[in-house]
Amino acid sequence: KYRGIIFDLDGVICHTDKYHYQAWKQVADQLGIYFDETINNRLRGVSRMESFEIILERYDGAMSEEEKERYTAEKNEIYKELLKNMSPADLAPEVKATMDELRKRGLKLAIGSSSRNACFILGQLGLDGYFDAVSDGNQITHSKPDPEVFLLAAKLIHEKPEDCLVVEDARAGLMAAKAGGMDGAGIGDASDCELAAYHLKSFEELLEACNS
Ligand code: B16
Ligand code: MG
């Protein structure tokens, strides 16, 4: 049924939420802004600057664009330091085994991530060069829910959007898939999302979704 699978990275292939959280928390604390894990959940799939805008909803002052750039750059420095803790042990065996099986069945595999650190994270996980294509936050101008990152992924694997399935943990990502004319499979936080064609309880269930 599908010819290509496009995976979101953070929240699907690996879990970087705790590092995003710790890094944003340090910035929020400096500014005296209340920030917790529930607010952090709203940052899934959203770009770095848009994430900061969500955090600033609880900030009572004005902030110049220059300052916003400075704080988001600082968050990224902290985040990148934390990412150094990641290793191939952070890649769940069932995730790797499922992807290997999908590839064996002839499907092309791509990454469609809002993150500008996607390649670094893939390297940490030992997945350098594993995917047929990587479409990430460095190559796009509009982030999810805009479909740009997934349309680029489909183009890079030379498949039509309607022949691709997107795997996402964020509502914004499932909206992006739909806007791009692709089916979506929701996992984790997005597994119950009504926008998804498949509601995955585990990563392995993808194998059934691709058979159906
Ligand atoms: P960066 P995904 C997204 O990745 C994260 O879910 C989101 O929380 C983050 O703000 C965004 O990447 C940008 O990340 O600061 O590394 O460029 O889920 O689309 O793989
Ligand atoms: Mg995600």
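## Close-up views of a predicted model

**View 1. Helix α1 and the glycine after it.** Just past α1, Gly-32 has a positive phi of about 70 degrees. This is a predicted model: local features need pLDDT of at least 70, side-chain atom pairs count only at pLDDT 80 or more, and totals for chains, interfaces and linings use all residues. Residues are numbered from 1 along each chain as its sequence is written, with chains lettered from A and ligands numbered from 1 in the order in which they are written. Helices (DSSP runs of H or I, at least four residues) and strands (runs of E, at least two) are numbered from the N terminus. Helix α1 covers residues 17-31, and its end C-alpha atoms are 21 Å apart.

**View 2. The buried residues of α1.** Tyr-19, His-20, Tyr-21, Ala-23, Trp-24, Val-27 and Ala-28 are buried. Buried means 20 or more other C-beta atoms within 10 Å of the residue's own; exposed means 12 or fewer, and partly exposed lies in between, with C-beta atoms placed from the backbone. The buried residues of α1 pack against α2 (37-41), α3 (48-55) and α4 (65-83). Contact here means C-beta atoms within 7 Å.

**View 3. The shell around ligand 1.** Among its 20 residues, Leu-9, Asp-10, Ser-113, Ser-114 and Ser-115 come nearest. A residue is near if its C-beta atom lies within 6 Å of the molecule. The shell has four nonpolar, 11 polar and five charged residues. Asp, Glu, Lys and Arg count as charged; Ala, Val, Leu, Ile, Met, Phe, Trp, Tyr, Cys and Pro as nonpolar; the others, Gly among them, as polar.

View 4. A cis peptide bond joins Lys-144 and Pro-145, with omega about 15 degrees. Pro-145 sits in the loop between β3 (133-135) and α7 (148-156). His-158 lies in the loop between α7 and β4 (164-168). Its phi is positive, near 60 degrees. His-158 counts as exposed because it has 11 C-beta neighbours inside 10 Å. Most residues other than glycine have a negative phi, and most peptide bonds are trans.

View 5. β4 pairs with β5 (residues 183-186) in the parallel sense over four bridges. Pairing requires at least two DSSP bridges. Val-167 has Ala-185 of β5 as its bridge partner. β5 also pairs with β6 (residues 198-199), in the parallel sense over two bridges. There, Gly-186 is bridged to His-199.

How values were computed. The expected span of a helix is 1.5 Å times one less than its number of residues. Two residues are in contact if their C-beta atoms, placed from the backbone, lie within 7 Å.
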